[in-house]
Amino acid sequence: MGNKLTGKDLIKLGFPKNNSINIALGQINRYRKREKKESILTEAKDVLLNPEKYEGNGTWGKVAEGLIKPVQVRMHQLNNTRAPFTIFGENEIDDQAKYQLYDSLKLPISVAGALMPDAHSGYGLPIGGVLATDNAVIPYGVGVDIGCRMSLSIFDLPASHFKGREHQLEAILRDNTKFGMNEVQSSRVDHEVFHKSEFQDIPLLKNLLPKAYKQLGSSGGGNHFVEFGIAKIDNPENEWKLEKGEYFAVLSHSGSRGLGANIAKHYTYLATKQCPLPKNVQHLAWLDLNTHDGQEYWLAMNLAGEYAKACHDDIHRRIAKAIGKRVVVTIENHHNFAWKEIVKGKECIVHRKGATPAGEGQLGIIPGSMTAPGFIVKGKGNVESLNSASHGAGRLFSRSKCKSTFTQSLINKELKKHDVTLIGGNIDEAPMAYKDIEKVMANQTELVEVLGTFTPKIVRMDR
């Protein structure tokens, strides 16, 4: 008996000659290859005899599913008509983004959709796209950077805290933030998120735990940032215990790092295998939430969201410690995520790819650019937008267009004009690459109420 487990071994045990064998071999070779063949065969025999005992199990759950109720893989066609939708700020949105939304609305699982005023085209769902589906989750409808989010910390310090401290504050940003693929914090900290059972129960996540631990408190590349600025509060909420006025604040934007990217890649691949679609919409492949993979993705996605929050909390904790003051108010929100919410009277999966949740009374922060203000907002719970708002100003120029359109000296001029200091940053994140945030906000007055603004002063990004 050789050491490598084969399909013949499983057929000998009595496994049916169907896809459950391939699934079993795939899982074993990926996650259990160091174990003895005999012990795996003993376990496999038990799975065969008592599959219901193994439903939801990390290694054998999919095999058990294949034995009890195999996933039906069949080509899905698009409906001829679109599910109902609303577009906000239609004149400011490119046609390609609209067509991407229209395609998604023809999926047989679609219930309703919306496009936010900062929308532009992406992969699968457009950025700024919101889609409600029936008991199905689209990994690319959530996006690669799962749980990408904003976090604003307001200190009980006046805006004048900047005066004479510019160099000191720049040093705090340089010392306490890490960006891009390779930079990580030198002093590691533990966090309760690492002790969640999903990190042990789902083999993919178990493999990703060391990386997640290493990357805690760091930010990615692209448009991710940590910045000091001025929070101007016009309509304070009672629980903030803050007067109207201008305060020293820090705002961060980043997501779930390598953890989220690997989850997205793995489950997108599984979705495209299980849910074949016409070529032009294959990025919209979904996972049925009644399947093993659908359930597993849901758990993994939620964990990535908690991890993204943990990263922000760690960044803000480090900065508050360096400043020596405590945070009075934190306002935060996810985008690139999916939630279970009631739409048209039934529970749906609401995907917000680059859109901010804006349920009634829900607080959020919508950034502009490094030279334009962001807005502190409270949701109005508009059903037409599926309780959503924009997640920023939205891009006017693609990354490649930026490189051929703008120069570093042009960017420097713009920064100087707005009295902004930039540490790092690339041409593809030029302030001019973004739409006019004032216009975007004017197109969503029925979605959010503005409570105040955040104006960047010292910005740190990846180089």
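## Second largest pocket

On a 1 Å grid over the protein atoms alone, a pocket is an open set of points where a 1.4 Å probe fits, with protein on both sides within 12 Å along at least five of seven lines. Grid points are joined across faces, edges and corners, and a volume is the space filled by probe spheres set on the points. The structure is a predicted model, in which local features need pLDDT of at least 70 and side-chain atom pairs count only at pLDDT 80 or more, while totals for chains, interfaces and linings use all residues. Residues are numbered from 1 along each chain as its sequence is written, and side-chain values use heavy atoms, with hydrogens and water left out.

The second largest pocket holds about 770 Å³ of space. Its lining (residues with an atom within 4 Å of a point) comprises 32 residues, and Glu65, Val71, Asp288, Asn290 and Thr291 lie nearest the centre. Two or more lining residues come from each of α4 (61-68), α8 (198-201), β8 (287-288) and α11 (292-323); helices (H or I, at least four residues) and strands (E, at least two) are DSSP runs numbered from the N terminus. By class, the lining has twelve nonpolar, eleven polar and nine charged residues. Here Ala, Val, Leu, Ile, Met, Phe, Trp, Tyr, Cys and Pro count as nonpolar, Asp, Glu, Lys and Arg as charged, and the others, Gly among them, as polar.

## Nonpolar cores

A nonpolar core is a set of buried (under 20% relative accessible area, 1.4 Å probe, protein chains only) Ala, Val, Leu, Ile, Met, Phe, Trp, Tyr and Cys residues joined through side-chain atoms within 4.5 Å. The largest has 56 residues, of which Val137, Ile146, Leu205, Ile263, Tyr267 and Tyr297 touch the most other members. Among the elements giving it two or more residues are α5 (95-105), β2 (110-120), α9 (203-215) and α10 (257-274); α11 provides the largest share, nine residues.

Beyond its neighbours within four places in sequence, Ile263 is in contact (heavy atoms within 4.5 Å) with Ile146, Leu204, Leu205, Leu208, Tyr297, Ala300 and Ala304. A second, separate core of 53 residues includes Phe225, Leu242, Ala372 and Ile437.

## Two individual residues

Gln27 lies in helix α2 (residues 19-31). Gln27 is buried because its relative accessible area is 13%. Leaving aside neighbours within four places in sequence, Gln27 contacts Arg32, Gly58 and Thr59.

Gly221 is found in the loop between α9 and β6 (225-233). With a relative accessible area of 28%, Gly221 is partly exposed, a class that lies between buried and exposed (over 50%). Not counting residues up to four places away in sequence, Gly221 touches Gly180 and Asp462.
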